[in-house]
Amino acid sequence: MLLSVPFAGAALLWLSSGGGARVTAGTEALRNQLDPTTGAAAQTQVDVRLGWLPLTVGRLVVGLTPAPREARMALRSVREASVSVRQWNPDRERVTPNIDIAALDSVMERQGWTRVVRVQEELQTVLVYVAGNAAGEWDLTACVAVRDRDQLVIAGGRFDLEALTELARGIKDLSPKHHPNWPSQIAGIFGSSR
Amino acid sequence: MKPIHRNVAVTALLSLSLVTTTFADSAPKAVAAEVDFGKWTPPSHGGEFVEVNLKENILGMAARLATKDQPEIAELLGGIHSIRVNVIGLDDGNRTDTTDRIKTLRGKLDAAGWERVVTANENHSDVAVHLKTHGKEAVEGLVVSVLEGGKQAVVVNIVGDIRPEKLALLGEKFGIEPLKQLGVPGAKHTEKTETKP
């Protein structure tokens, strides 16, 4: 009984920090292949991971508050997510500019990812990978990487597309007349005069 | 074996063979219309290079998403097995190779029985549209290849059950200009060649 407590705590900690092994592995692989700083430390500006536990708690909390419907729908549409931003000084750091796409594809394919989009222009590269074997027909697991001259942004997540679609449809009705309780600052964003 | 068990076994075997036959019928057609472009060489001096490769799972999701608001698009996407798009910026490092490969590709498609329904040479754009048909009413796949003034090459391969009258809609929704000119029902044999001096 006493031994199971630290194991349970470790499991909860792991689940709350990231939890999604596939998403984490995918974003890690992208970071390892795309981070061009060899040996020199890049400055990590953002590193956020949301597993099912904090999102579930968030959904529970929001459900108990008079939050807008769109907030509830947004939380419902995300199963897990992670975002990281790394920046470096291209004039100072040793940067390897070329990306070995074939090697990256090989690493990602071994983890069950398929590249669906590759865009390269000037010094910017955008890559989008999706995972096969979705849990449900509305389940989408994706990783996106954007590498620029001095910045690398990697985002990954698992989403409920049906909920996202409902959210997108709902955003069309985001005028203040539908939400009289919104603060006036938010109403001002949508051009309403109060 | 009891008669009821034998009947169940026979029914199961017949169902399995029907399913297997169905998959066997659909898979080779889709594969035959899928064209291997190989690996394109990106431009060496920072020009544009785009690869899009959408398979049935993603297209199926898109079809389900579009069902409520755009049922026509959902129906179109539901019949498509894969979409591949390559946009290759051309520079001195890859222009000759890419141009030769596209011309070779067109020759191979012609030799393999694909119908060239559009050939256009206009305003420094060299456009060809090939269709792989099955019978008179079904299009299994299409390839659009464009060489734009030595600056850019575009190759598109769409595989699936495409009705000829939906080709223009396909062109409109995916921004494929040559397909927008098609789409008059039964007009899949349209061919035009315009060459400006």
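Two residues are taken to be in contact if their C-beta atoms, placed from the backbone, lie within 7 Å. The legends below describe a predicted model, in which local features need pLDDT of at least 70 and side-chain atom pairs count only at pLDDT 80 or more, whereas totals for chains, interfaces and linings use all residues. Residues are numbered from 1 along each chain as its sequence is written, and chains are lettered from A and ligands numbered from 1 in the order in which they are written.

**View 1. The contact between chain A and chain B.**
Chain A brings 16 residues to the contact and chain B brings 14 residues. On the side of chain B that touches chain A, strand 1 (49-54) and helix 2 (56-66) of chain B each supply at least two residues; helices (H or I, at least four residues) and strands (E, at least two) are DSSP runs, numbered from the N terminus. Strand 1 of chain B gives the most to this side, with six residues. By residue class, the side of chain B that touches chain A holds eight nonpolar, three polar and three charged residues, where Ala, Val, Leu, Ile, Met, Phe, Trp, Tyr, Cys and Pro count as nonpolar, Asp, Glu, Lys and Arg as charged, and the others, Gly among them, as polar. For the complex, the predictor gives an ipTM of 0.73 and a pTM of 0.73.

Twelve strands make up an open sheet with antiparallel pairing, in the order 1(A)-2(A)-6(A)-5(A)-4(A)-3(A)-1(B)-2(B)-6(B)-5(B)-4(B)-3(B); two strands pair if DSSP finds at least two bridges between them. Strand 1 (43-50) of chain A and strand 3 (115-122) of chain B are the edge strands, each pairing on one side only. From one strand to the next the twist averages 10°. Where the chains join, strand 3 (residues 113-121) of chain A pairs with strand 1 of chain B in the antiparallel sense over four bridges, and Val119(A) has Val50(B) as its bridge partner in strand 1 of chain B.

**View 2. Helix 2 of chain B on the sheet.**
Helix 2 of chain B packs on the sheet, where it touches strand 3, strand 4 (124-131) and strand 5 (139-147) of chain A together with strand 1 and strand 2 (80-89) of chain B. The direction of helix 2 of chain B makes about 105° with that of strand 2 of chain B; axes are lines fitted to C-alpha atoms, for helices over the stretch in contact, and angles run from 0 to 180 degrees between N-to-C directions.

**View 3. Strands 4, 5 and 6 of chain A.**
Strand 4 and strand 5 of chain A run antiparallel and are joined by six bridges, with Thr125(A) standing opposite Arg147(A) of strand 5 of chain A. Arg147(A) also has a bridge partner in strand 6 of chain A, namely Leu152(A). Strand 5 and strand 6 (residues 151-160) of chain A pair in the antiparallel sense over nine bridges, and these two strands form a hairpin with three residues between them.

**View 4. Helices 2 and 3 of chain B.**
The axes of helix 2 and helix 3 (residues 71-78) of chain B come within 8 Å and cross at roughly 160°. That angle makes helix 2 of chain B roughly antiparallel to helix 3 of chain B, since angles under 35 degrees count as roughly parallel, over 145 as roughly antiparallel, 65 to 115 as roughly perpendicular and the rest as oblique. The contact is made by Leu59(B), Ala62(B), Ala63(B) and Ala66(B) of helix 2 of chain B with Ile73(B), Ala74(B), Leu77(B) and Gly78(B) of helix 3 of chain B. These residues divide into seven nonpolar, one polar and no charged.

**View 5. Confidence along chain B.**
Chain B averages a pLDDT of 77, and 76% of the residues score at least 70; pLDDT is the predictor's confidence in each residue, from 0 to 100. Within chain B, confidence is lowest in helix 1 (residues 3-33), at a mean of 51, and highest in helix 4 (residues 95-111), at 95. Over residues 14-27 of chain B the pLDDT stays under 50, and the model has zero contacts beyond four places in sequence for this stretch.
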